[in-house]
Amino acid sequence: MSGSSAESWVVTTPRKRFDLNAKAEETAARLNLRFVVRGDNSVDKLLDSMNAKGLYVETDGAPLIQTSEGAFRFHENTSGQRTKNPGATDALLRALEPRPSDNVLDATLGIACDALVIATALTGGGKLVGLESCPILADMTRRGIESCDIKAANIREASRRINVVSADHSEYMRRANDGEFDLVYFDPMFPETVAGSAAMRRMRAVADERPLSAESISQAIRIAARRVVVKGRRGYFNDIRFSKIIESGRSIYYGVIEV
Ligand SMILES: C[S@@+](CC[C@H](N)C(=O)[O-])C[C@H]1O[C@@H](n2cnc3c(N)ncnc32)[C@H](O)[C@@H]1O
């Protein structure tokens with residue numbers, strides 16, 4: 001995780017929710033993190049007294065991440081809007097061109113907003129494996145997907161095609177077979193810009209910010225049967241030879257490598 005070890009995170013509950021202690025203790029044991037009784041402590045007080053970078057908070061539903069940047073939780077986000085109009089295909093789908101029975105690897109899952117968009121196209125038995133190297137984020141996204149909180153029907157259906165795996169993509173891909181996936185997708189973190197959104201700052205507090213390595217791109221090309229797509233920002237990845245570029249807004253693009 002960015003700039004901190006997993007040990008500097010603690011698992012707790014909302015204020016005075018002693019009834020959730022057992023659930024939080026279980027989560028702490030599963031993720032090998034410390035559990036702390038919340039009592040009536042504020043987030044800041046707990047972060048300070050535990051010398052913690054963030055709190056992973058068990059609730060009645062899906063858990064959430066709480067840092068000094070605010071709360072951050074799984075949310076279907078814009079995936080519903082991005083897939084609502086079949087006539088206006090989302091730029092990511094135009095870049096990947098997924099087929100209904102495809103086996104897709106999302107190597108940088110995050111909170112699965114892109115994965116949900118991709119999975120809407122996997123209507124013929126296709127599956128998506130989503131890799132997330134931050135164990136807390138992987139846990140939160142998996143449980144968010146499994147909860148019944150997703151409102152858009154097509155996204156709820158798509159969520160059942162996603163398998164969240166808590167793993168580093170370099171290690172995972174080294175063990176994968178040649179051509180095991182039809183498509184591989186990367187959406188790596190980029191260095192912070194002055195105009196970073198509040199949501200992005202909250203994600204940064206927990207996400208793995210290591211840059212995408214050349215070795216990972218090579219491994220992806222080896223394990224993809226059809227395409228590797230990298231979400232890029234203008235000025236980045238100039239050294240990758242993309243077969244084509246799909247623009248998405250002024251500074252974002254999807255670079256496509258046909259294999
Ligand atoms: C920009 S976010 C991806 C957002 C995602 N596309 C979404 O729609 O929610 C990048 C994510 O990749 C994860 N990540 C970075 N390096 C990784 C690696 N080597 N293996 C697996 N996940 C990684 C980060 O922790 C972060 O959650």
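Begin by selecting Asn 32, which is exposed because 9 other C-beta atoms lie within 10 Å, and a residue counts as exposed at 12 or fewer. The model on the screen is a predicted one. Asn 32 sits in the loop between α1 (21-31) and β2 (34-35). Its phi is positive, about 60°, although Asn 32 is not a glycine.

Next, select Thr 12, in strand β1 (residues 9-12). Is Thr 12 buried or exposed? Thr 12 counts as buried, because it has 27 C-beta neighbours inside 10 Å. Now display its surroundings. With neighbours within four places in sequence left aside, Thr 12 is in contact with Ala 24, Val 36, Arg 38, Leu 46, Leu 55 and Val 57.

Move to Asp 60, in the loop between β3 (54-57) and β4 (64-67). Asp 60 counts as exposed, because it has 9 C-beta neighbours inside 10 Å. Select Thr 13 as well: Asp 60 and Thr 13 are 47 residues apart along the chain, and 9.5 Å separates their C-alpha atoms.

**Two domains**

Colour the chain by its domain assignment, which gives domain 1 (6-60) and domain 2 (79-258). The centres of the two domains, taken over C-alpha atoms, are separated by 30 Å. Where the domains meet, five residues of domain 1 are in contact with five residues of domain 2. On the side of domain 1 that touches domain 2, four residues are nonpolar, one is polar and none is charged.

**The nonpolar core**

Which residues have the most contacts inside the largest nonpolar core? They are Ile 118, Val 184 and Tyr 185, in a core of 63 residues. Domain 1 (6-60) and domain 2 (79-258) each supply at least three residues to this core.

Centre the view on Val 184. Apart from neighbours within four places in sequence, Val 184 is in contact with Leu 105, Ala 107, Ala 220, Ile 223, Ala 224 and Val 228.

**Helix α10**

Select helix α10 (residues 214-223), whose buried residues are Ser 216, Gln 219, Ala 220 and Ile 223. Why do these buried residues line one face of the helix? Seen down the axis of α10, they fall within an arc of 100°, so they line one face. The buried residues of α10 pack against α8 (169-175), β9 (181-186) and β10 (224-233).

**Around the ligand**

Now select the ligand and the 20 residues around it; Thr 108, Gly 110, Cys 113, Ser 133 and Asp 208 come nearest. The elements α5 (113-119), β7 (127-132) and α8 each give two or more residues to this shell. How many residues of the shell are nonpolar, polar and charged? The shell divides into nine nonpolar, five polar and six charged residues.

**The last stop**

Finish at Phe 237, in the loop between β10 and β11 (244-248). Phe 237 is partly exposed, because 18 other C-beta atoms lie within 10 Å. Its phi is near 65°, a positive value in a residue other than glycine. To end the tour, select Thr 12 again together with Phe 237: they are 225 residues apart in sequence and 40 Å apart in space, C-alpha to C-alpha.

Key
Residues numbered from 1 in each chain as written. Predicted model: local features only at pLDDT ≥ 70, side-chain atom pairs only at ≥ 80, totals over all residues. Buried ≥ 20, exposed ≤ 12 C-beta atoms within 10 Å, placed from the backbone. Helix = DSSP H or I, 4+ residues; strand = E, 2+ residues; numbered from the N terminus. Arc of directions from axis to C-beta. Contact = placed C-beta atoms within 7 Å. Core = buried A, V, L, I, M, F, W, Y, C linked by C-beta atoms within 7 Å. Domains from an automatic or database assignment. Near = placed C-beta within 6 Å. Nonpolar A, V, L, I, M, F, W, Y, C, P; charged D, E, K, R; others polar.
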